[in-house]
Amino acid sequence: MTTTIFPSVAEVTKSPAFPTAIWQLEPHESGLLPVASERGGPVNISWEVHGDGPMKLIVGGSENLHEEVDKGCGLGFFKTAYQRQTMYFGHVRGSQYSVLILDNRGMGGSDKPLMRYSTSEMARDILEVVDHLGWTAPQQLNVCGISMGGMIAQELACLVPERISSLSLICTAACIENTSSFTENMVNRITMLLPKSLDRSIQYAAGAIFPTRYLAEPDSAIVPDESVPRCKIPSGGYLKFKTNFERFAAQEITKQRDTSGFTKSGFLLQLIAAGWHYKSPEQLKELGDKIGRQRILVLHGTDDGMISTPHGRKLIEQLQPGQALIVDGLGHAPINERTQWFNELLETHCSLAERLSGRKKNDKDTGYRA
């Protein structure tokens, strides 16, 4: 069997595309909101809204969560991790969508208090931001959560089920369980404890998040050009990397070089929150009853090396969503691996929920009826 050899950190940073890995998408609104004043805070949460359309979409996640423990390369997402969805919904379709992205406590531009984190507390942080924005109408929020973000999305939906228009749970779980054999479990734990260089850390995470074949393929990102509203185009434009691995590595390098935004303590506190997340079958049934199962989508891949497929199957079994997809060959980050397909899937699901709420006639209808 041929072993794929990926470029080093030094080689990736020398790529002409490296300075353009993070897209300069200008938000319509942004801020730093103090939340949790009565929950041990205040904690400042960094948030952005892209687009000014009537459909309210919240996208959140954490791509590097492993069922044993993180495979070494940053549990937390920065807001820029969703730049492909931010551009698609908040810029190209910005007249239809208002897209909220934020840094959860412990990451990016948000505060990193040394205290116990939980997915329920992070959901309450988001709810305070949403309330601040005035997104308080019934069945108004289209919530999409990926990995740990899917856990936070479950908690948010439990807090305000009457305000959820759609709920999309992507590559996530009701709780993290060990689904590997004893031998695999021990190997994972030993490997996790071994010190890693940045090169090894990124390659290890990439191999768990994405199928190897995807990493070796040419860079599939559709980069912004002059046609994208509110996007600053650098001199020479946004460039393509040679492979998908190089693009992933460039974003990870950029994140980990931000020593104020990415800290070991923030990572560990988020890890604890994800590890302790738990929603019982009874809670999930109640959630489905209150929101309406047609409004719920659960997606998982058979090649997910972070949260194994049995977690997705169990979530589907307990929640009984209107749309349940176990996709053959899909890894842990469909937002990158199958961007166009995923964006269209999410767009269709949001449109379905809008129609259920009487606000949109069909997928081709770009008008909005409040």
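Contact is taken to mean heavy atoms within 4.5 Å. Among contacts in the protein between residues at least 6 apart in sequence, 78% join residues at least 24 apart. The structure is a predicted model, in which local features need pLDDT of at least 70 and side-chain atom pairs count only at pLDDT 80 or more, while totals for chains, interfaces and linings use all residues. Residues are numbered from 1 along each chain as its sequence is written, and side-chain values use heavy atoms, with hydrogens and water left out.

The protein has 13 helices and 10 strands, which are DSSP runs (helices H or I, at least four residues; strands E, at least two) numbered from the N terminus. Of its 370 residues, 58% are buried, that is, under 20% relative accessible area with a 1.4 Å probe, protein chains only.

Two packed helices are described by the angle between their axes and the distance between the axes. Axes are lines fitted to C-alpha atoms over the stretch in contact, and angles run from 0 to 180 degrees between N-to-C directions.

Helix α4 (residues 148-159) and helix α10 (residues 281-291) have axes that come within 10 Å and cross at roughly 60°. This angle makes α4 oblique to α10 (oblique angles are those left after under 35 degrees, roughly parallel, over 145, roughly antiparallel, and 65 to 115, roughly perpendicular). Gln154, Ala157 and Cys158 of α4 make the contact with Leu284, Leu287 and Ile291 of α10.

The axes of helix α6 (residues 198-209) and helix α8 (residues 244-257) also come within 10 Å, crossing at roughly 125°. Accordingly, α6 is oblique to α8. Residues of α6 including Leu198 and Ile202 meet residues of α8 including Phe245 and Phe248.

How values were computed
Buried < 20%, exposed > 50% of the residue type's maximum accessible area, 1.4 Å probe, protein only.
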